[in-house]
Amino acid sequence: MTAAATSAAELAGLPESPTVGAGGQEVIHVTRERYLEVTGALRDAGFEMCADLCAVDYLRHPDRPLPEAVTPERFEIVVNLLSLERRQRVRLRVQVPASDPVVPTLFNLYPGTENMEREAFDLFGVCFEGHPDHTRILMPDDWEGHPLRKDYSVGRVPVQFKQAPGPR
Amino acid sequence: MDYLSPLHNELVFSLAAEALLGIEIPPRSTWIRMLMTELNRISSHVMWMATNGMDLASTSMMIYGFRDREMILSFFEKTTGLRMNHDYIRPGGVAADLPDGWEDDVMSIVETIPGRVDEYDELLTGQPIFKRRTEGVGIISPELATAMSATGPILRASGVAWDLRRAMPYLAYDEVDFDVIVGSVGDTFDRYAVRMNEIRESCKIVRQCVEKMPLGDYRAQDKKVTPPPRARIDESMEALIHHFKIFTRGFEVPPGEVYTAIESPRGELGCYLVADGSNKPYRMHIRGPSFVNLQSLPPLLRGGLIADAIAVISSVDPVMGEVDR
């Protein structure tokens, strides 16, 4: 998976300049405001599949290395797009502040992100505005907290089952 | 995770860790990885044919499928020590070299399986009940499959020739000759046919792995990542220290983030790994193909009969261990 001759940012005519990550992978840092627009431009440029979407909690690394123009926030949404025709991947990283963890949903562009966004919400508590079924997907519906957040203490909550009688 | 293709799970994590470490692995370990994962693909697909037969009330297919899978699992047990969850493919190479006489074991597998697949082909493909339950049932168009992020046999059955082994070759898949199997209709029957023919293609790849298997080391001799050879521990204090450090503390991976993807029997198996310079991954996200492929069920089932649901769910081949991970 080496960097392709034409970068995805060039293909879609984006002002954002891409960086190259480990293994020669193209990474585009995009602000929350431009997230939908950039993803839509990339889809129109031939990136027809959203291979993966996940969240990362950088609670313990607020000063991680990022390009200068990017303000680090606690959460990141990482989207991997794929162009079948050009055999090319591109990764988007969006900074999401902990005080307002909301990003627009990609469901209308890529219906395949439905489960992935629900998983990111369930485990990290990042909300996806406009998602058609914004519910938990892995944890029980009445679960409290978001287990993959770095400040979620392990073993704090006893194991819960749906409809089980409460603690006596 | 996916307990029917455990070696693929190990491979995708190892590839991600190696990409962050920036280490090269010796050619023999690459080819051993290819050999083992292709055998794993055969066992996974044979297992799918067995459970699919069971779902469609062909009990004999179930018995045959389990029988054939056991052949491959016993070779895995001989090589790795365990039938499943091998911990065999590790960052830096593989855990052990292939056992003595592995060529004979592997050749007997790839000489038996194609003949058996021909039998199953006759047993199921020619059977009117099986055809009526699968043909024209649960159709998905290539456009919809792509939009739903479906990969693997579901996408290929709808006519999109997308196989990561061919499209974005990892390991040494660009050096072996095989066909990417595609369907034309995208129905349950096509998904069955794609998987069955992929068993034949995997047998071809395994044969080429046996022919081309290079000599050499089965893991990178990087003192910080792989343990030293057993003989060195007795004579070198330093080797003993490295051995102790690797098994107590592990190894440190330089900071960075990487996404690697491989073609598992069910589709694109991805690993997004974030390292912060410590000896543990800061974040590891697995893109499980079963989890993503299950999204295709509503469009596949819409407008169909309740009885078809069983055939369609079976044809998506979800492994629940990979759905909740």
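This is a predicted model: local features need pLDDT of at least 70, side-chain atom pairs count only at pLDDT 80 or more; totals for chains, interfaces and linings use all residues.
Local features need pLDDT of at least 70, side-chain atom pairs count only at pLDDT 80 or more, and totals for chains, interfaces and linings use all residues. Residues are numbered from 1 along each chain as its sequence is written, chains are lettered from A in the order in which they are written, and side-chain values use heavy atoms, without hydrogens and water.

Over all chains, the search finds six aromatic pairs. Rings of Phe, Tyr and Trp (its six-membered ring) pair if their centres lie within 6.5 Å; planes under 30 degrees apart are stacked, over 60 edge-to-face, the rest tilted.

Take B:Y64 and B:Y120. This pair is stacked, with 5.9 Å centre to centre and 15° between the planes. It links distant parts of the chain: B:Y64 is in helix α3 (residues 59–80) and B:Y120 in helix α4 (residues 102–125) of chain B, 56 residues apart. Helices are DSSP runs (H or I, at least four residues), numbered from the N terminus. B:Y64 is partly exposed at 31% relative accessibility. B:Y120 is buried at 2%. Buried means under 20% relative accessible area, exposed over 50%, partly exposed in between (1.4 Å probe, protein chains only).

The rings of B:F189 and B:Y192 stand at 50° with centres 5.6 Å apart, so this pair is tilted. Both residues lie in helix α9 (residues 188–212) of chain B, three residues apart, about one turn. With B:F130, they form one aromatic cluster.

Charges also meet rings. A charge sits over a ring if NZ of Lys or CZ of Arg is within 6 Å of the ring centre and within 35 degrees of the ring normal. A:K150 lies over the face of B:Y282, 4.2 Å from the ring centre. The charged end of B:R325 sits over B:F291, 4.6 Å from the ring's centre.

Notes
Helices (H or I, at least four residues) and strands (E, at least two) are DSSP runs, numbered from the N terminus.
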